[in-house]
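Colleague: Could you walk me through the ring pairs and nonpolar cores here, with the criteria behind each label?

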Amino acid sequence: MKIIALVILFVTTIIGCHSPKVNTIHLKGQMADMGTQEVIMEYTGVTGDFGTSLNRIIKTDASGYLDTTFVLEQPMYFNISRNILYLSPGDDLEVYLTPDTRQATFKGKGSEAQLFLKDRLYPKGGSFLLSGRNVRENFEKTKEVVDALAASKLAQLDTLKGVTELFKENERIRVKANLLNSYLTYALYNKENTGASREEQRQ
């Protein structure tokens with residue numbers, strides 16, 4: 001009986017040692033044109049958290065290649081240069097990142113969230129207005145364009161697999177905030193205000 005018990009204990013220990021930790025993040029791939037072999041992955045929480053204690057330092061070789069793991073207890077947003085990532089415990093990602101987010105690629109477990117975030121909008125560009133490229137002859141026509149873009153983004157979000165409900169909730173709020181920002185900044189881009197000062201546009 002003692003021998004059987006020892007065998008069971010031994011097998012259990014071996015299995016436990018080889019079972020992957022569910023809270024481990026695995027990142028591999030390349031970070032190109034980052035200008036350093038120690039790249040800061042900056043925590044960007046959506047709950048108003050501040051400080052640098054949750055930041056990570058990603059070390060690469062001279063060509064920017066990396067293969068690293070770290071523990072994450074809950075899903076979190078991070079920035080690497082201008083790339084925004086949403087990492088969840090258990091993610092296993094192969095990445096290619098540059099300061100130009102359009103060139104980013106993601107493969108593996110957790111890639112769905114990263115690919116959705118790859119096309120994020122920037123508030124300084126008027127969000128869905130894209131620095132004026134989506135502005136039409138008047139607000140009504142412009143609103144039709146940005147409303148359709150927001151609806152398409154929300155529909156895309158609803159079809160995502162492999163992401164948490166928290167991620168979807170956060171991103172729905174982001175889309176709606178981007179839409180509101182598009183309305184509020186329309187006056188800065190519309191053609192009727194051509195030649196007006198910045199203060200006149202604001203008014």
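Modeller: Happy to: there are seven aromatic pairs in the structure. This is a predicted model, where local features need pLDDT of at least 70, side-chain atom pairs count only at pLDDT 80 or more, and totals for chains, interfaces and linings use all residues. Residues are numbered from 1 along each chain as its sequence is written, and side-chain values use heavy atoms, leaving out hydrogens and water.

Colleague: Why is the pair of Phe 116 and Phe 167 called edge-to-face?

Modeller: Rings of Phe, Tyr and Trp (its six-membered ring) pair if their centres lie within 6.5 Å; planes under 30 degrees apart are stacked, over 60 edge-to-face, and the rest tilted. Here the centres are 6.0 Å apart and the planes stand at 80°, so the pair is edge-to-face. Ring pairs also join Phe 116 and Phe 167 with Tyr 77 and Tyr 86 in a cluster.

Colleague: What makes Lys 153 count as lying over the face of Phe 116?

Modeller: The rule asks for NZ of Lys or CZ of Arg within 6 Å of the ring centre and within 35 degrees of the ring normal. Lys 153 is at 4.3 Å from the ring centre of Phe 116, and Arg 82 lies over the face of Tyr 122 at 4.6 Å.

Colleague: Which residues have the most contacts inside the largest nonpolar core?

Modeller: They are Leu 27, Met 31, Met 41, Ile 80, Leu 87 and Leu 97, in a core of 21 residues. Such a core is a set of buried (under 20% relative accessible area, 1.4 Å probe, protein chains only) Ala, Val, Leu, Ile, Met, Phe, Trp, Tyr and Cys residues joined through side-chain atoms within 4.5 Å. A second, separate core of 10 residues includes Tyr 77, Ile 84, Phe 116 and Val 163.

Technical notes
Buried means under 20% relative accessible area, exposed over 50%, partly exposed in between (1.4 Å probe, protein chains only).
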